[in-house]
Amino acid sequence: MFKNLINGEWLEGQSVSRNINPSDTRDLIGEYAQADAAQADLAITAATAAFPAWSLSTPQQRFDILDAVGAEILARRAELGDLLAREEGKTLPEAIGEVVRAGNIFKFFAGEALRPGGESLPSVRPGVGVEVTREAIGVVGLITPWNFPIAIPAWKIAPALAYGNCVVFKPADLVPGSAWALAEILSRAGLPAGVFNLVMGRGSVVGEKLLHDTRVAAVSFTGSVATGQKVAAACVSRMAKFQLEMGGKNPMIVLDDADLGVAVNAAVNSGFFSTGQRCTASSRLIVTEGIHDRFIAAMVEKMKTLKIDDARKAGTDIGPVVDASQLGQDVDYIGIAKGEGGTLAQGGERIETNADGAPGFYLTPALITGTTPEMRINREEVFGPVVSVLRARDYEHALALSNDTPFGLAAGIATTSLKHATHFKRHSQAGMVMVNLPTAGVDYHVPFGGRKGSSYGPREQGRHAAEFYTTVKTAYTQA
């Protein structure tokens, strides 16, 4: 059984959860400890006690630890990638790519520990100097989702530690393996006891404790809109800092002048890779009339070539959906779309077993055409390999449709027009915009986040992470 890490010790939980391979549900990856509220309290107590010394640790100490963590992750990319693909279901190349991203994130923030920045300004009063510096905020609660089980924890944990905070980390129940492997690496990197704590357990138990304990200075959450709203309400009630990354209903526009091959490849990657289980996935394709029919035909032909199989098998394009519940939601939304008048142009079929006969949560990617903006398939996040198509009259109509959503995480456009590309980058109501590229795939050193109902608070990743994980101090000195 894999245990929790609290105050430098590996502790059994009050119960265990079974980690199942979605590519082969007969495969038990392991049993993972489930903490109760008392263990969550113990982790917060340990982090609180460790904070004064850790917040005053040297930049070199923090650099050495984070750099070592990043180096080990990169050295073990094949092993960790195999674990990730086995428990989450994304293909092995995608999983290894995610592990590499996690390693690079730790190395980037190792460097940031040496570059804290600050300002030295003259006061308007003679003989007075002003210093503006950043300091750690305290104990940070980190709550992460199942779809990127090592990259998202990395881009929360690494900056939190780099800037001198202490961490209580609660990973998603569904994918504890990658989180535990990352915690095990951190446990050997030289961190003082209590600086980093892994507390696996139910959100209703561990998550609730992080939200309501006054010793937790800030909470960073990635997950559903409904849970994000609960996080916000709890943190506001006690004036704690919070950061939310939530849902998306991301558009990709395809204009008449687009390169058809580029557009199809970007749409297939955006909508279906990682089994469509990405918050940046393009689940709405908005296609202008002149290219609409050719584009749909090309999409269908491309989708027919995709191989759906075990995530770790060579040649697999699309792995399984993460679990039975998510698979049921995907199938339900396909039915809802058809019931509201959409046409299932391709896919959407449940596959009971993979090519080797192993039972798993397989679904052929679904393309639904003939939809209208008010349909639920265009308003609500499915979070699976299910993509809808909207027909647009022209660029202006397509832009209006793309912004007609309560979300604003990512958006894309396929066009050879510099005019339209430039206009779209400025007028798209999304935090991240891609031109002739898939909407997924943000580099590890640039800010990640959205607008409207997708995000709240400072951006994640890159130098912008300092906005959340530090507080600003202004100090005056008279010589």
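About 350 Å³ of space lies in the second largest pocket of this predicted model. A pocket here is an open set of points on a 1 Å grid over the protein atoms alone, where a 1.4 Å probe fits, with protein on both sides within 12 Å along at least five of seven lines; lining residues have an atom within 4 Å of a point. The volume is the space filled by probe spheres set on the points, which are joined across faces, edges and corners.

Residues are numbered from 1 along each chain as its sequence is written. In this predicted model, local features need pLDDT of at least 70, side-chain atom pairs count only at pLDDT 80 or more, and totals for chains, interfaces and linings use all residues.

The second largest pocket has 20 lining residues. R101, F148, R278, A440 and G441 lie nearest its centre. Helix α4 (92-113) supplies the largest share, 5 residues. Helices and strands are DSSP runs, numbered from the N terminus: H or I of at least four residues, E of at least two.

Now the largest pocket. Its volume is about 1,100 Å³. The lining has 38 residues, with W146, F221, G223, S224 and T227 closest to the centre. Here α7 (203-212) gives the largest share, 5 residues.

Last, the sheet. Three strands form an open sheet in the order β5-β6-β24, paired antiparallel. Pairing requires at least two bridges found by DSSP. The edge strands are β5 (119-122) and β24 (470-478). β5 pairs with β6 (residues 128-136) over 4 bridges. P122 has G129 in β6 as its bridge partner.

Note on methods: Side-chain values use heavy atoms; hydrogens and water are left out.
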